[in-house]
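The exercises below are meant to be worked through with the sequence and the structure side by side. Try each task before reading its solution.

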Amino acid sequence: METWVWLLIAVAVAIAAYYIFGRAKAQKPDDEFSVDEANGWASREFSRSYPDSNVAAVIGDTEIETFFLRLSDGKVGIYRSRRGKGQAIIVSQSDYRLRALPEANGLQVDYPENDFFSGNYHFRSEQDAADVSTWMLNAR
């Protein structure tokens, strides 16, 4: 065969390989959630447990495992999903201890009566951590 035929075949194979392999990496996998999708999902799951509560704002941790929800009546709710098991609670001020972590975007929350919600939570920004701590300290 002629050299130009082999060159044409090599270019066609390179273009086909780019579209098959290169574009698959550029597309977002189906199993990943955006932050807004995850917050919407947490809001819906929380509303299933507390249908009379209206969610005003949602902030999730960096692991997209725990979500803090500010309710329209001034209360704070938490939805946590671990190992396929999700639980929701509405926070009472006397039920927890709140501490700052050495990292500026982290909080430690201890629930002596309910270990499922106890833990160290890291947020995407310092502002998110400050908002959650303010919500919890001002919870009714």
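The model is a predicted one, in which local features need pLDDT of at least 70 and side-chain atom pairs count only at pLDDT 80 or more, while totals for chains, interfaces and linings use all residues. Residues are numbered from 1 along each chain as its sequence is written, and side-chain values use heavy atoms, with hydrogens and water left out.

**Exercise 1. Locate Phe 123 and list the residues that it touches.**

Solution. Begin with the secondary structure, where helices (H or I, at least four residues) and strands (E, at least two) are DSSP runs numbered from the N terminus. Phe 123 falls in the loop between β7 (119–122) and α3 (126–137). Next, look for contacts, meaning heavy atoms within 4.5 Å. Leaving aside residues up to four places away in sequence, Phe 123 touches Ile 59, Gly 60, Asp 61, Thr 62, Phe 68, Asn 105, Leu 107, Asp 128, Ala 129 and Val 132.

**Exercise 2. Work out the strand order of the open sheet of four strands, and find which helices pack on it.**

Solution. Two strands pair if DSSP finds at least two bridges between them. The order is β1-β2-β3-β4, with antiparallel pairing. The edge strands are β1 and β4 (85–90), each of which pairs on one side only. Neighbouring strands of this sheet are turned by 20° against each other on average, direction ignored; the axes are lines fitted to C-alpha atoms, for helices over the stretch in contact, and angles run from 0 to 180 degrees between N-to-C directions.

Then go through the pairs. β1 (residues 55–60) and β2 (residues 66–71) are joined by five bridges, and Val 55 stands opposite Leu 71 in β2. These two strands form a hairpin with five residues between them, and Ile 64 in the turn has a positive phi of about 50°. Between β3 (residues 76–82) and β4 there are six bridges, with Ile 78 opposite Ile 89 in β4.

**Exercise 3. How many salt bridges are counted, and which parts of the chain do they link?**

Solution. A salt bridge is a side-chain nitrogen of Lys or Arg within 4 Å of a carboxyl oxygen of Asp or Glu, and by this rule the count comes to four. One of them joins Glu 65 and Arg 80 (3.1 Å, N to O). Glu 65 lies in the loop between β1 and β2 and Arg 80 in strand β3, so this pair ties together parts that are 15 residues apart in sequence. Both Glu 65 and Arg 80 are buried.

Another joins Asp 110 and Arg 99 (2.6 Å, N to O). This pair links distant parts of the chain, with Asp 110 in strand β6 (residues 106–110) and Arg 99 in strand β5 (residues 97–100), 11 residues apart. Asp 110 is buried at 15% relative accessibility, whereas Arg 99, at 37%, is partly exposed.

How values were computed
Buried < 20%, exposed > 50% of the residue type's maximum accessible area, 1.4 Å probe, protein only.
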